[in-house]
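Here is a short briefing to read with the model open beside you.

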Amino acid sequence: LFRSTWVSRSGIDATPDQIVITAGGQHGIVISLLATTEPGDEVLVEPFAYSGILELCARLGRRVRPLAMDEQGITPESLDAACREGHPCALYVMPTLHNPTTATMPPARRDAIAEVIQRHGLLVIEDDVYGYLAPEARPLACTVPSDRTIYLTSLAKAIAPGVRLGYVRASGALRERLVSAAHSTVIDPAPVVAELAVQVITGGLADRIIDWKRRETRSEEHTSELQSRGLIS
């Protein structure tokens, strides 16, 4: 139950039978690609994409197609054009605190992207490993149907790098394919790490760590703003 509660913190409806436990966020991406694509398939990504997705696609024989991006994230026009011109199997996207640009889609852009996704019936792999730093940001998975969305997050970013545990939310047959891919890659995440995660989350330590990280992030943002205005060096 705690794993679905953790995912639900982002504002997504999640039940225990929708969650797949992974050995970290990168493993979540691996099983998402294995469950939804085949060698030679096209995967849409941001132009400055997280290096992990690019390396995995190269190793697994998936073709990547970068979309146009501005300060608000990928553009609806480029996504629509890519869907009309080709036959992409999936979109990998980080709408909140994109790695490496830190771009975060505002609500209007998210709605526009979700509309294009639904119009073309595109499958989405939403990487929200930094979403805990911006709890006000609504994931795309809140709008796109769960049977067309793979939502993934990780405790390694939110809690500590050594807590290599992630959670992936999907529904129906899509979740079953993810379960199969997870089992074929690592069998099961380390039980000791899973139990550690339970204790950290239910004991309140996770909340304290996240609150501290949010305060530090806001402090850094404030410092950067002052520096950009030339008020401090």
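The protein chain in this predicted model has 9 helices and 9 strands. Its radius of gyration is 18 Å, close to the 17 Å that the globule rule gives for 233 residues, so the chain is as compact as a globular protein of that length.

**Overall build**

- Along the principal axes, the C-alpha atoms of the protein chain fill a box of roughly 50 × 45 × 30 Å.
- Of the 233 residues, 50% count as buried.
- The chain exposes about 10,900 Å², and carbon and sulfur atoms supply 55% of that area.
- If you take the contacts between residues at least 6 apart in sequence, 71% of them join residues at least 24 apart.

**The sheet**

- Seven strands form an open sheet: reading across, the order is S1-S9-S8-S7-S6-S2-S3, and the pairing is mixed.
- Strand S1 (19-22) and strand S3 (63-66) stand at the edges; each has a single partner strand, so one side of each is left without a neighbour in the sheet.
- On average, neighbouring strands of this sheet are turned by 20° against each other, direction ignored.

**Cover on strand S9**

- In a regular strand the side chains alternate between the two faces of the sheet.
- S9 is covered on both faces: Gly-166 and Val-168 are buried on one side, Tyr-167 and Arg-169 on the other.

- Helix H7 (residues 172-186) lies across S1, S8 and S9, and runs at about 20° to S1.

**Helix H4**

- Helix H4 (residues 76-85) is mostly covered, with 7 of its 10 residues buried.
- Those buried residues are Pro-76, Ser-78, Leu-79, Asp-80, Ala-81, Ala-82 and Cys-83.
- They pack against S2, S3, strand S5 (73-74), S6 and helix H5 (107-120).

**A loop residue to look at: Ser-146**

- You will find Ser-146 in the loop between S7 and S8.
- Ser-146 is partly exposed because its relative accessible area is 22%, while buried means under 20%.
- Leaving out residues up to four places away in sequence, Ser-146 touches Gln-18, Arg-169, Ala-170, Ser-171 and Leu-174.
- With one of these, Ser-171, the side chain of Ser-146 makes a polar contact of 2.8 Å.
- Ser-146 and Ala-14 are 132 residues apart in sequence, yet their C-alpha atoms are 9.5 Å apart in space.

Methods
Residues are numbered from 1 along each chain as its sequence is written. This is a predicted model: local features need pLDDT of at least 70, side-chain atom pairs count only at pLDDT 80 or more; totals for chains, interfaces and linings use all residues. Side-chain values use heavy atoms; hydrogens and water are left out. Two strands pair if DSSP finds at least two bridges between them. Helices (H or I, at least four residues) and strands (E, at least two) are DSSP runs, numbered from the N terminus. Axes are lines fitted to C-alpha atoms, for helices over the stretch in contact, and angles run from 0 to 180 degrees between N-to-C directions. Contact means heavy atoms within 4.5 Å. Buried means under 20% relative accessible area, exposed over 50%, partly exposed in between (1.4 Å probe, protein chains only). The radius of gyration is taken over C-alpha atoms; the globule rule is 2.2 Å times the number of residues to the power 0.38. Accessible areas come from the Shrake-Rupley method with a 1.4 Å probe; for residues, only the protein chains shown count as cover. A polar contact is a pair of N or O atoms within 3.5 Å; within protein, one must be able to donate a hydrogen and the other to accept it, and residues adjacent in sequence count only if both atoms are side-chain atoms.
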